[in-house]
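Take a walk through this predicted model. Keep the sequence and the 3D view side by side as you read.

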Amino acid sequence: MWPKGLSKTTLTKLNRLGIRVGFDLVLHLPLRYENETRLQTFDELNPSISSLVEGTVIHSEVVFRPRRSLVCQLSDENGKVVYLRFLSFYPSQQQQLTVGKRIRAFGEVRQGYFGLEMVHPKCLTVDENTPLAQGLTPIYQTTGGLSQNLLRKNINRVMDELDLKDTLPAELMGRLGRPSFHKCVHLLHNPLPEVNQQALIERTHPAWQRIKLDELLAQQLSMRIHYRKRRSKNAPMLPSRNNYTEQLLSALPFSLTKAQRLVFSDISRDIGLPHPMQRLLQGDVGSGKTIVAALAALQAIENGYQVALMSPTEILAEQHYIKLNEWLAPLGIMPVWLSGSLKKKEKEVTCQRISAGETMLAIGTHALFQDKVEFKQLGLVIVDEQHKFGVQQRLALRGKGEEPHQLMMSATPIPRTLAMSYYADLDVSVINELPPGRTPIVTKLVSDARREEVFERVRQACLSGRQAYWVCPLIDESETLDLQTAIETHQMLSDAFPELRIGLVHGKLDNAKKAQVMAEFKAGKIQLLVATTVIEVGVDVPNASLMVIDHAERMGLAQLHQLRGRVGRGVAQSMCVLLFKQPLSEMARARLKVIYENTDGFEIARQDLQLRGPGELLGARQSGVPMLRFADVEKDAELLETARALADELLRDYPDAAQAHLQRWMADRHDYLHV
Ligand code: ADP
Ligand code: MG
């Protein structure tokens with residue numbers, strides 16, 4: 001329900017802000033507050049602090065240098081002056097600021113050429129008796145043509161008209177000891193003078209805490225409900241039969257780490273149940289997720305069900321295919337490979353084999369889940385690097401079997417708080433140790449100015465029998481430019497080092513060529529591999545022990561960590577050189593510091609979350625889950641714990657309240673979340 005008399009244009013603008021129903025206005029809480037409750041004397045003013053001052057205009061003129069602007073001098077009783085500067089202005093403003101007027105101005109103070117000045121302050125014409133604001137002034141996110149005043153007015157009208165009673169039952173409210181929803185939203189939209197202003201601004205005030213708790217609770221409820229819905233469906237039981245799995249384990253040249261064993265036992269138990277597994281397998285890069293996936297696949301196959309293994313890139317899919325083929329062929333299981341770049345005829349033959357049930361394991365890119373592919377009896381879907389896939393792709397994939405079990409793997413570790421919130425609809429297993437015998441990677445930060453030295457180091461490494469990667473930078477997300485840089489770098493390195501065998505791999509190479517280059521690198525025929533970030537995920541060549549990442553300052557933390565994880569897979573001492581170009585932005589500097597100081601993917605992810613918020617870590621998942629507007633999973637970790645427990649309790653004891661709460665917070669957005 002909307003406030004009465006709301007114009008159509010205002011409505012359109014509100015929609016643009018994501019405000020779709022009247023209640024959304026109530027939850028359109030202030031971005032921040034301005035303090036206009038106290039006048040500051042001119043002596044008290046400090047640069048870069050927003051302040052409210054009052055004085056008389058003693059001079060006002062339009063100047064033309066350095067550019068056209070309106071400049072006024074505001075004077076206090078003692079003749080001290082503050083400049084007000086407007087780079088764009090209306091005639092009405094010029095009028096307002098004529099000599100002799102008494103003006104109250106609010107804005108950030110800065111040190112200008114002539115003295116203290118405010119640029120584009122908010123101005124009010126006043127007399128001696130004009131009262132000051134009683135409480136803090138809320139400032140809202142808004143959009144062109146929708147003034148703060150209009151927003152404020154409509155929010156207050158909606159708050160008067162709508163029912164703001166608590167969604168949480170009275171018993172729970174009593175126990176939680178938190179202020180009522182009604183009281184909180186009123187306070188946040190119209191803070192009273194006596195409210196602790198600091199707490200309001202920092203969002204630690206009990207009213208903010210209550211709102212954040214409500215928001216987290218809605219997210220938890222939504223995800224738990226979907227989790228339960230899916231778990232109530234039927235799936236084929238694929239219990240452990242210790243046939244193929246035992247055979248593979250005894251053929252491996254290594255034994256599983258304790259973490260791998262524990263994780264596999266989770267999966268093994270889950271897929272033996274008559275409900276679909278929804279499990280996220282997390283493990284740092286190099287922790288050995290592939291073998292766990294292979295074992296899970298074998299358990300399904302032992303039960304006569306097919307398995308699909310989906311990877312985000314062709315290189316990765318191909319590599320999985322090679323690896324699994326190596327492991328499974330001795331057991332008489334022949335995987336097939338399916339990708340978008342297969343020839344039409346090959347694709348048809350492969351699809352045929354899948355639908356006839358002639359193959360038990362199909363490995364590929366998202367081509368696996370196009371309409372034409374039909375499985376005879378799909379029991380398990382494994383998605384590698386799950387964060388690279390969007391909701392649509394995962395939905396498509398689920399449509400392929402009745403309700404197959406799902407194993408999602410992620411090499412970008414997800415901090416605990418994020419897993420508890422955005423992944424609350426999944427069960428999570430973690431491989432928390434690396435296989436033994438790895439030597440830690442040495443990371444070096446080297447300025448671009450010392451490029452020549454890096455060249456020499458690469459040359460030495462290759463000549464002494466080791467292999468190296470040269471990773472080319474990302475250029476403005478443009479694949480074409482990435483490509484060009486990679487080709488040029490390859491040329492340049494080839495000219496500089498005629499004695500080395502140098503290969504090139506990038507996303508635009510055709511499949512056969514890509515596979516050939518990777519195979520040659522793996523076999524040691526290529527010593528130095530120039531690559532775009534296509535090698536970011538999953539590539540596994542243990543003899544490669546040196547990696548140079550060019551323009552490392554352009555890459556995100558997760559990406560750097562993934563890339564670096566391509567070395568340090570063998571016993572040789574490995575090194576990762578991060579070449580960066582000066583000057584560094586503050587964010588780039590912070591990122592490089594994190595990657596330099598840490599090797600643990602979980603710690604890197606946690607710091608990434610602090611630096612940049614959850615967006616990047618969530619990847620494609622962002623589009624599928626309700627994002628948080630007020631709560632911050634790291635800072636509000638305690639509230640998150642409370643919300644989690646509360647969600648379970650509500651669903652168990654107060655299902656109606658749970659529904660009402662979801663309705664209030666999610667309205668139509670609830671159904672959005674499905675996979
Ligand atoms: P990721 O988790 O990054 O996908 P992989 O599955 O590619 O890691 O494994 C990295 C490397 O470690 C591979 O060469 C793999 O064969 C090897 N590996 C996996 N598990 C073990 C283990 N328990 N002991 C020794 N090596 C292992
Ligand atoms: Mg992998």
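Helices here are DSSP runs of H or I with at least four residues, numbered from the N terminus. Just after α13, G357 takes a positive phi of about 75°.

Now step back into the helix itself. α13 covers residues 344-355, twelve residues in total. From first C-alpha to last, α13 reaches 16 Å, close to the 16 Å expected at 1.5 Å a residue. Which residues of α13 are buried? They are T350, C351 and I354. These cover an arc of only 100° around the axis, which puts them on the same side of α13. There is a general reason behind such patterns. An α-helix has 3.6 residues a turn, so residues three or four places apart point the same way. The face turned away from the buried side of α13 carries K345 and Q352, both exposed.

Move on to strand β14, residues 405-410. Six of its six residues are buried, so β14 is largely enclosed by the rest of the structure. Both faces are covered. H405, L407 and M409 are buried on one side, and Q406, M408 and S410 on the other. Which strands pair with β14? One is β9 (residues 278-283), parallel to β14 over five bridges. There, L281 stands opposite M409. Another is β13 (residues 378-383), also in the parallel sense, over four bridges. In that pairing V383 stands opposite M408.

Six strands form it, in the order β16-β21-β20-β17-β19-β18, and the pairing is parallel. β16 (442-447) and β18 (502-505) stand at the edges. Each has a single partner strand, so one side of each is left without a neighbour in the sheet. The twist averages 20° from one strand to the next.

β18 pairs with β19 (residues 528-531) in the parallel sense over four bridges. I502 stands opposite L528 in β19. Helix α18 (residues 511-522) packs on the sheet, touching β17 (467-471), β18, β19 and β20 (544-549). The direction of α18 makes about 140° with that of β18.

Finish with helix α19, residues 557-564. α19 lies across β16, β17, β20 and β21 (575-580). Its direction runs at about 150° to β20.

Note on methods. Residues are numbered from 1 along each chain as its sequence is written. Chains are lettered from A and ligands numbered from 1 in the order in which they are written. This is a predicted model: local features need pLDDT of at least 70, side-chain atom pairs count only at pLDDT 80 or more; totals for chains, interfaces and linings use all residues. Side-chain values use heavy atoms; hydrogens and water are left out. Two strands pair if DSSP finds at least two bridges between them. Helices (H or I, at least four residues) and strands (E, at least two) are DSSP runs, numbered from the N terminus. Axes are lines fitted to C-alpha atoms, for helices over the stretch in contact, and angles run from 0 to 180 degrees between N-to-C directions. Contact means heavy atoms within 4.5 Å. The expected span of a helix is 1.5 Å times one less than its number of residues. Buried means under 20% relative accessible area, exposed over 50%, partly exposed in between (1.4 Å probe, protein chains only). The arc is that of the directions from the helix axis to the C-beta atoms.
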